[in-house]
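Here are my notes on this one, in numbered points. Have the viewer open while you read, and start with the charged side chains.

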Amino acid sequence: ISGAVLDLAPSKQTGSSGSSCSGADIVVCPYGKLYKREEALEALLRRSQQVNSHGGNVDNALGSHVRGMKDLHPVRFYVT
């Protein structure tokens, strides 16, 4: 997840502060690669805009196996 700080403690704040992210903001692809939910959605939107405007120049930030948000699943971390 690009070196971002991962805070696994349960948080009651509704807003995000800085570059930290919580476990609820993480998604995983079928190959097990972790992504921030918001950045993955932005990458999918960029990809769809590039395909519509340029025809074939596709951004591979997510990988070609991720076709949509249906391919990404929320991650639950259990700290024991």
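1. R67 and D71 join their side chains in a salt bridge, with 3.7 Å from N to O. The term here takes a side-chain nitrogen of Lys or Arg within 4 Å of a carboxyl oxygen of Asp or Glu. R67 is exposed at 61% relative accessible area, while D71 is buried at 11%. For the cut-offs, buried is under 20% relative accessible area, exposed is over 50%, and partly exposed is in between, using a 1.4 Å probe and protein chains only.

2. Before you go further, bear in mind that this is a predicted model: local features need pLDDT of at least 70, side-chain atom pairs count only at pLDDT 80 or more, and totals for chains, interfaces and linings use all residues. Residues are numbered from 1 along each chain as its sequence is written, and side-chain values use heavy atoms, with hydrogens and water left out.

3. Stay with D71 for a moment. It sits in the loop between α1 (37-54) and β5, and its side chain also reaches the backbone nitrogen of R67, at 2.8 Å. Which residues does D71 touch once neighbours within four places in sequence are left aside? They are V28, C29, P30, H65 and V66, where contact means heavy atoms within 4.5 Å.

4. The other salt bridge to look at links E39 and K36, at 3.8 Å from N to O. Here E39 is partly exposed, with 39% relative accessible area, and K36 counts as buried at 16%. The structure holds 2 salt bridges.

5. Now the sheet. Three strands make up an open sheet in the order β4-β3-β5, paired antiparallel. β4 (34-36) and β5 (73-74) are the edge strands with a single partner strand each, so one side of each has no neighbour in the sheet. Pairing asks for at least two bridges between the strands in DSSP; β3 (residues 26-28) and β5 have 2 bridges, in the antiparallel sense.

6. K33 lies in the loop between β3 and β4. Neighbours within four places in sequence aside, K33 is in contact with V27 and V28. K33 and G63 are 30 residues apart along the chain, and their C-alpha atoms are separated by 9.8 Å.

7. On the surface, L41, L45 and M69 form a nonpolar patch with about 250 Å² of accessible area together. Patch residues have over 30% relative accessible area and no salt bridge; like charges are joined within 9 Å, and nonpolar side chains (Val, Leu, Ile, Met, Phe, Trp, Tyr) within 5 Å. One of the three, L41, is in helix α1 and is partly exposed at 41% relative accessible area.

8. Finally, the overall picture. The secondary structure comes to 1 helix and 5 strands, in the pattern β-β-β-β-α-β along the sequence. Helices (H or I, at least four residues) and strands (E, at least two) are DSSP runs, numbered from the N terminus. Of the 80 residues, 25% count as buried. Among contacts with a separation of 6 or more, 46% come from residues 24 or more positions apart. The accessible surface is about 6000 Å², and 52% of that belongs to carbon and sulfur atoms; areas come from the Shrake-Rupley method with a 1.4 Å probe, and for residues only the protein chains shown count as cover.

Methods:
Polar contact = N/O pair within 3.5 Å; in protein donor to acceptor, adjacent residues only side chain to side chain.
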